[in-house]
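Please keep the viewer open as you read.

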Amino acid sequence: LKHITCLELMDINHPARLYIKERKIPISQWSRLYYTETFKTWTNSIVKNKFPNVEKDEGRLIIPFLDKSGKLIAFQGRSLDPNNSVRYITIKVTEDECKLFGLEKMDESKTVYVVEGPIDSLFLDNAIAMAGSDLSNSCNLNSDTEFVIVMDNENRNKEIVKKIERFIKRGYSVCIWDEKIRQKDINDMILSGMSAEDVQSSIESNTFKGLQATLALNNWKRI
């Protein structure tokens, strides 16, 4: 990461800085995000020949996935071009199956909130993100920690509903969003005018486990 630029240190008018400001990402989290003008070339310096052709290189926001010790295990490159059909590219640096964002900041002595996207996790206290992965055994998570699964607010998405059902069966607590909230993810909730505290409070008030979680999920599916 020392070969690319931390957003905290970038020019205030740079498109990457403007992007995270527009998304209302807390300033306290800017030091966790980076930017490179040559995403493919930089990726090849970490994962050899990941991109055989780098002629059409591009700038991307870099979201690093670090393990508990701070070692880079994966990263996402987020395009700032609204016309780019490939918004996110996720690169694994190690063969470790664990691919969670935020492990280096996680406090397992407290409740940990597990969301889908890394950017959404930046608005919550003690949150990590799955980013298409799962809470696999290879992550060596503390079995005594209370993990609350917070999937996107898409009750018509059958895949999300199935994932929530699986988490309930595995014994996890899950957030079943309040029906008054219509935005599909946490960042959209923030952009609609909710504060991070409002979102956190709503999650805490709508967290269920076991049979209660199943009943709440069944009601949520029908909204």
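Is Tyr172 buried or exposed? The points below start there.

1. This is a predicted model. Tyr172 has a relative accessibility of 17%, so this residue counts as buried. The cut-off for buried is under 20%.

2. Now look at helix α4, residues 158-169. Its twelve residues should span 16 Å at 1.5 Å a residue, and the end C-alpha atoms lie 17 Å apart, which agrees.

3. Ile160, Val161, Ile164, Phe167 and Ile168 are the buried residues to look for in α4. Their arc around the axis is only 120°, so they sit on the same side of α4. Lys158 and Lys169, on the other side of α4, are exposed. The cover over the buried residues includes β8 (147-150), β9 (173-175) and α7 (210-221).

4. Both ends of α4 are worth a look. At its start, a side-chain oxygen of Asn157 comes to within 3.0 Å of the backbone nitrogen of Glu159. After α4 comes Gly171, with a positive phi near 95°.

5. On to the rings: the structure has five aromatic pairs. Phe65 belongs to strand β3 (residues 60-66) and Phe101 to the loop between β5 (88-92) and β6 (112-115), so the pair ties together parts 36 residues apart in sequence. Phe65 is buried at 0% relative accessibility, and Phe101 is buried with a relative accessible area of 0%.

6. Phe167 and Tyr172 also form an edge-to-face pair, 5.6 Å centre to centre and with 80° between the planes.

7. Finally, ring pairs join Phe39, Trp42, Phe51 and Phe75 into a cluster. Over the face of Phe39 lies Arg60, 5.6 Å from the ring centre.

Note on methods: Residues numbered from 1 in each chain as written. Predicted model: local features only at pLDDT ≥ 70, side-chain atom pairs only at ≥ 80, totals over all residues. Heavy atoms only, no water. Helix = DSSP H or I, 4+ residues; strand = E, 2+ residues; numbered from the N terminus. Expected span 1.5 Å × (residues − 1). Buried < 20%, exposed > 50% of the residue type's maximum accessible area, 1.4 Å probe, protein only. Arc of directions from axis to C-beta. Contact = heavy atoms within 4.5 Å. Polar contact = N/O pair within 3.5 Å; in protein donor to acceptor, adjacent residues only side chain to side chain. Phe/Tyr/Trp six-rings, centres within 6.5 Å; stacked < 30°, edge-to-face > 60°. Lys NZ or Arg CZ within 6 Å of the ring centre and 35° of its normal.
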